[in-house]
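Please look over the sequence and the fold shown below before reading on.

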Amino acid sequence: MLRALRRANDRRRHAEGEYGWLFHPYTGNEMVAIDCETTGLDTRSAELVSIAAVKVRNGRVLTSESLDLRLQRPASLTGDSIRIHGLRGIDLAGGDGVEEALDKLLDFIGNRPLMGWCLDFDMAILNRHLRPRFGFDLPNAMIEVSQRYVRDLRRTHPEIEPNLRFEAVAKALDVPVIGRHTALGDAVTAALMYLRLEKGAMRGD
């Protein structure tokens, strides 16, 4: 409810602005899978390390039409998060500033629907940086792949308790895990999971 109210208010304030086109209904046939790597798991403080997005069209993940951004080293980058995403300070040399990266992301995703794994987490961090710089949250329609998996599993196999580990769902859907804990790898894998669900993977089609 709060998100819907905020989105309506953003649309009213920005409809005629530089990014007004983001608030228009999407009429195309593409979606975008998105993922972020961060310095932590607290959405109030975690900083962005990398952002990736890849287009999905006509049942295909278009890795040739992807965005893979590394950001400038955040002050909160420590060994704990480096052990997860593998990006050290030296790997982020020459990376984009946050505002530059967000500008590139907005241009890439446009008003297409977004999909991802644990999308609420990524959106919370992206919007925490977007709002003070651009004045709005991402208005795109969103599909959480894990929720779609749970819904399909409960409908077709209600006796099975869902295992929502990323790797377990990929295995259940017979999808290869590509570059785990890299932003582009997780975005591509989530997109492949979604396409398998769209093709009726839970029905054994």
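At what angle do the axes of helix 3 and helix 4 cross, and within what distance do they come? This is a predicted model, in which local features need pLDDT of at least 70 and side-chain atom pairs count only at pLDDT 80 or more, while totals for chains, interfaces and linings use all residues. Residues are numbered from 1 along each chain as its sequence is written, and side-chain values use heavy atoms, with hydrogens and water left out.

The axes of helix 3 and helix 4 cross at roughly 100 degrees and come within 10 Å, where axes are lines fitted to C-alpha atoms, for helices over the stretch in contact, and angles run from 0 to 180 degrees between N-to-C directions. Helix 3 and helix 4 are therefore roughly perpendicular to each other; angles of 65 to 115 degrees count as roughly perpendicular, under 35 degrees as roughly parallel, over 145 as roughly antiparallel and the rest as oblique. Helices here are DSSP runs (H or I, at least four residues), as are strands (E, at least two), and they are numbered from the N terminus. Helix 3 contributes V98, E99, L102, D103, L105 and L106 to the contact, and helix 4 contributes L126, H129, L130, R133 and F134, contact meaning heavy atoms within 4.5 Å. By class, seven residues of this contact are nonpolar, one is polar and three are charged, with Ala, Val, Leu, Ile, Met, Phe, Trp, Tyr, Cys and Pro counted as nonpolar, Asp, Glu, Lys and Arg as charged, and the others, Gly among them, as polar.

Helix 4 itself spans residues 119–134 and bends by about 25 degrees at N127, the bend being the angle between axes fitted to the seven residues ending at a residue and the seven starting there. Its buried residues (under 20% relative accessible area, with exposed over 50% and partly exposed in between, using a 1.4 Å probe and protein chains only) are L119, D122, M123, I125, L126, N127, H129, L130 and F134. Among the elements that cover these buried residues are helix 1 (2–14), strand 1 (30–38) and strand 2 (48–57). Just after helix 4, G135 takes a positive phi of about 90 degrees.

Helix 1 and helix 4 pack at an angle of about 35 degrees, with their axes 14 Å apart. The contact involves R3, R6, D10, R13 and H14 of helix 1 together with D120, R131 and F134 of helix 4, and by class it holds one nonpolar, one polar and six charged residues.

Helix 5 (residues 145–156) and helix 7 (residues 183–198) pack with their axes 10 Å apart at an angle of about 30 degrees, so that helix 5 is roughly parallel to helix 7. The residues in contact are V145, R148, Y149 and D152 of helix 5 and A190, M193, Y194, L197 and E198 of helix 7, of which six are nonpolar, none polar and three charged.

| Residue pair | Separation along the chain | C-alpha to C-alpha distance |
|---|---|---|
| I84 and H181 | 97 residues | 6.5 Å |
| C118 and G40 | 78 residues | 14 Å |
| R155 and M202 | 47 residues | 8.9 Å |

I84 is found in helix 2 (residues 79–85) and, at 48% relative accessibility, counts as partly exposed. C118 lies in the loop between strand 4 and helix 4 and also counts as partly exposed, at 43% relative accessibility. R155, in helix 5, counts as exposed at 51% relative accessibility.
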